[in-house]
Amino acid sequence: MTLTMKQVGLTLAMTGALSSVAFAATAQEEVQKGGTAVIHMISEQRILNPGLRASTGVYNITGKIMEPLIDKSYEGYEPVLATEWSGSDDGLTITLKLREGVKWHDGEDFTCDDVAFSAIELWKGLLNYSSALQANLESVDCPDPHTAVFNYSKPMPIELFVAAMPDLGHPVPKHLYEGTDILKNEYNTAPVGTGPFKFVEYERGQYVLAEKNDDYWREGFPYLDRIVWRFIKDKSAAAAALEAGEVHESGFIGVSMADIERLSEDDRFDVGTQGYENNVAHSTVEFNHRNPILADVKVRQAMYHGLDIDYAIDTIMRGFAKPGRGPVPSAGGINYTDEVPTYPYDPELAKQLLDEAGYPVQDDGYRFHLRHRPAPWGEYTQLWAEYYAQAMKEIDIDVEILTNDAPGFLNGVYRDHDFDTANGWHQFRSDPAVSTMVWLRSGQPEGTPWTNQFGWQSDEIDQMIDDAASELDVEKRAGMYHEIQARAMEELPVIFAIEHPFISVTSKKLHNHHNPPRWNSSSWYDLWLEQ
Amino acid sequence: MTLHMPPVLTYALRRLIQAVPVVILIMIGTFLLLKLAPGDTVDALVGDMGGADAAFIARLRAEYGLDQPVWVQLWRYMVKLASFDFGWSFVYEQPVATVLMDRLGTTLLLMATSLSIAFTAGIALGAIAARRAYSATDNLISILGLVFYATPSFFLSLMLMLVFSVKLGWLPVGGIKTIAAFYTGWDHVWDVARHLIMPTAALSLIYLAFYLRLMRASVMEVADLDYVRTARAKGAREGRLMTHHIMRNALLPVVTLLGLQFSTVLGGSIVVETIFTLPGLGQLAYQSVVQRDMNTLMGIIFLCAIIVVVVNFLTDLLYARLDSRIELA
């Protein structure tokens, strides 16, 4: 069985409100070469090796310097360092053809040895998320320098493999890593890759600078001379830098929502969610099922009825979001369905359900009291927590908000289970098997953040998740995920209340921006600057 | 021994010996206090990364020695510190000494400039206001002082930025230099100076208010004392009266404040550094707390403790110089 790109490619047409923000048509304009693009970064990852840290904050910089085997475009999966891919019928081997004539920035050839080394030592051994994905990877053979054969002990659906590659498939140069302590390797903060830009310098807390790679394998690219990523922690200062023209782009909601709204009416900027289809996150309500009140599914359903999702989308996310439909977002392509049970806003029904569940209003005016932990992941999560507390009050549930910083939140929720409800941001990573399923699957190692530490277990759903992860037939696999979504919407182990892509503010001087669905992580070889 | 040494040195030596247990206590106390905060640096790193699996987290913890009991971690840290080894910052992936030295220059430049401007302008304005107490000049100066005193630094910083960068386009929004401009020599100095104008202004205006108010009160108090009246009766002119008799005595409380504020110099200003993206120690300290970067934070606290001890010593020396009645003992 050989699958072509087209078959596995996801059509990521944007729908409804999300596409209302139009980007300037740039195709006909004449390209200007040269110039320095300055990009705002709200957080600083410090490790600049995507083979060691799977995080958009890392890709945002390293995506221009180090390339993945496969990337994603709006048409489907796009060959980068791998030119063809196919899986065997039994799902145990995956064969990749590698691009010829590609050189690392230090002049060495890129070959299968680099891929084999990276896959075994980094992707299987060290990379977050990837070590679970590649757990059954036995070896990588190199029959010739430009063919890589991945051998698995259990079937690996090629769809899953390909979907993971844009994020989790960055090779590192073997000749610079072999025989060293990989975690302490100096190139982790001074990356050497094959990409359109070469790393120049990294000043901690200030900026990263990269310059044009004159020997890039795509002839005639890149257009820009340099890219500077500036770390600006203060959102108001970042907005000022955009307005003063010192910064050309700020991604991942790097300025406050009030400024985003203001700048979206400023004709010097493009503001919108395009280019984030692959980085969709859910705003959630998470339950501690160890609390007997919350263990009652009727209570959880009633609470969902008590949330006015549309109101929250309009006021908190300023319309840049959609109601959630379970663990797979609408950008999840074939694996997404909207044929699931929903819980429209209806406080009267919510109250009635709570009465039926045996929680009438007590003498103090409340049915019960909850302690809620909001994640400190930025504006959305804080405001969503406040809205949630307010909405619960309407249906006579008292919610006390316990504010905490990141380590406090992760420990309080995932390790110490010291909460009744919590809310955070959870990113969907291309395929349910490598992302949201860990929130439903029981038996996750104790204390692991972003997994099911909620004390919720369903043998039936566990089985469905395991079956779907190793199913090779694409259609059948999608059907299984639809079923899991429907069950998750019925049982509500977690409320996936709102799905929202991130938002960028981009100067109109930049052209060809936000053209693939993971633009901030992509290589920007065709980005150019009007001077 | 004391017979052969000048009294200043004896005094310095005794202060040094007294300082050692103080610094050790500060370090142990801070270490334990930080350990009381929920979570560790691995949680913070993982939070920044947007998630990781269990094996990854366990491996990082073992790598950083965070799987050991607190007492073992404390002992290991103190042993290293005894040889002035600040350890490795897992957040910055650099030795802590390098991280600190990178930031020290910026903070010292910013704080020293701001404090000098604030001190000089503050005592001058304060003295003028006091000599013309309750006149229109005094009212104007006092009102300005009050406004600066009451304005939060983040607001002042953002307003400066709005006016001079966004509206007028005269000054750069933030950072310490123009990146990718590759200036050298005097161009570089001018570039850095331009970047420091707004943060220095924002910081010094706030400090200025402190010195101004204190100096005004102090001069007014001293001006009424008997020896000033005596000097005036002897026929001393106003200028001489001011410089020799009033200012010198009025400066004592102001110098105390300068000493106190200089002790916090290494702490930098978190707000101003963050808004203007200046890579200073204040921002670093704040980030280290949020990231639970123990080694870096302990390094900063160690530096600060040393500075406090040194500045206290220097302030005492200065007291003795300003007022001969004070003896070093």
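Colleague: How many of the 329 residues of chain B count as buried?

Modeller: Of those 329 residues, 36% count as buried. Keep in mind that this model is predicted. A residue is called buried when 20 or more other C-beta atoms lie within 10 Å of its own, and exposed when there are 12 or fewer.

Colleague: What helices and strands does chain B have?

Modeller: Chain B has 13 helices and two strands. Its C-alpha atoms fill a box of roughly 85 × 65 × 40 Å along the principal axes. Now look at its contacts between residues at least 6 apart in sequence: 70% of them join residues at least 24 apart.

Colleague: Let us turn to the core. Which residues have the most contacts inside the largest nonpolar core?

Modeller: They are Ala241(A), Tyr388(A) and Tyr211(B), in a core of 189 residues. Helix α8 of chain B, residues 185-223, gives the most to this core, with 14 residues. Another core lies apart from it, with 33 residues, including Val46(B) and Ile301(B).

Colleague: What does Tyr388(A) touch, beyond residues up to four places away in sequence?

Modeller: Tyr388(A) touches Val285(A), Leu307(A), Val399(A) and Asn423(A). Tyr388(A) is also one of the buried residues of α12(A).

Colleague: How should I read the buried side of a helix?

Modeller: Start with the general idea. An α-helix has 3.6 residues a turn, so residues three or four places apart point the same way. Now the case here. The buried residues of α12(A) include Tyr380(A), Trp384(A), Tyr388(A) and Met392(A). Others among them are Thr381(A), Ala385(A) and Ala391(A).

Colleague: What span should the 16 residues of helix α12 of chain A have?

Modeller: At 1.5 Å a residue, they should span 22 Å. After α12(A) comes Asp396(A), with a positive phi near 65°.

Colleague: Which residues in chain B have a positive phi without being glycine?

Modeller: Phe84(B) is one, with phi near 55°. Tyr134(B) is another, with phi near 65°. Phe84(B) sits in the loop between α4 and β1 of chain B. Tyr134(B) sits in the loop between α5 and α6 of chain B.

Colleague: Is Phe84(B) buried or exposed?

Modeller: Phe84(B) has 8 C-beta neighbours inside 10 Å, so this residue counts as exposed. Tyr134(B) has 9, and therefore counts as exposed too.

Colleague: Where is Pro222(A), and what joins it to Phe221(A)?

Modeller: A cis peptide bond joins the two, with omega about -5°. Pro222(A) lies in the loop between β9 and β10 of chain A.

Colleague: What about Ser470(A): where is its place?

Modeller: Ser470(A) is in the loop between α14 and α15 of chain A. It has 16 C-beta neighbours inside 10 Å, so it counts as partly exposed. Lys154(A) is 316 residues away along the chain, yet the two C-alpha atoms are separated by 7.9 Å. Ser470(A) touches Lys154(A), and also Pro155(A) and Pro157(A).

Colleague: Last topic, the interface. How many residues of chain B are in contact with chain A?

Modeller: The general idea: the size of an interface is often given as the accessible area lost when the parts come together. Here we count residues. On chain B there are 43, in contact with 47 residues of chain A. Helices of chain B that each supply at least two residues include α2, α3 and α7. α2(B) gives the most, with six residues. The residues on this side of chain B divide into 24 nonpolar, eleven polar and eight charged.

Terms used:
Residues are numbered from 1 along each chain as its sequence is written. Chains are lettered from A and ligands numbered from 1 in the order in which they are written. This is a predicted model: local features need pLDDT of at least 70, side-chain atom pairs count only at pLDDT 80 or more; totals for chains, interfaces and linings use all residues. Helices (H or I, at least four residues) and strands (E, at least two) are DSSP runs, numbered from the N terminus. The expected span of a helix is 1.5 Å times one less than its number of residues. Two residues are in contact if their C-beta atoms, placed from the backbone, lie within 7 Å. A nonpolar core is a set of buried Ala, Val, Leu, Ile, Met, Phe, Trp, Tyr and Cys residues joined through C-beta atoms within 7 Å. Ala, Val, Leu, Ile, Met, Phe, Trp, Tyr, Cys and Pro count as nonpolar, Asp, Glu, Lys and Arg as charged, and the others, Gly among them, as polar.
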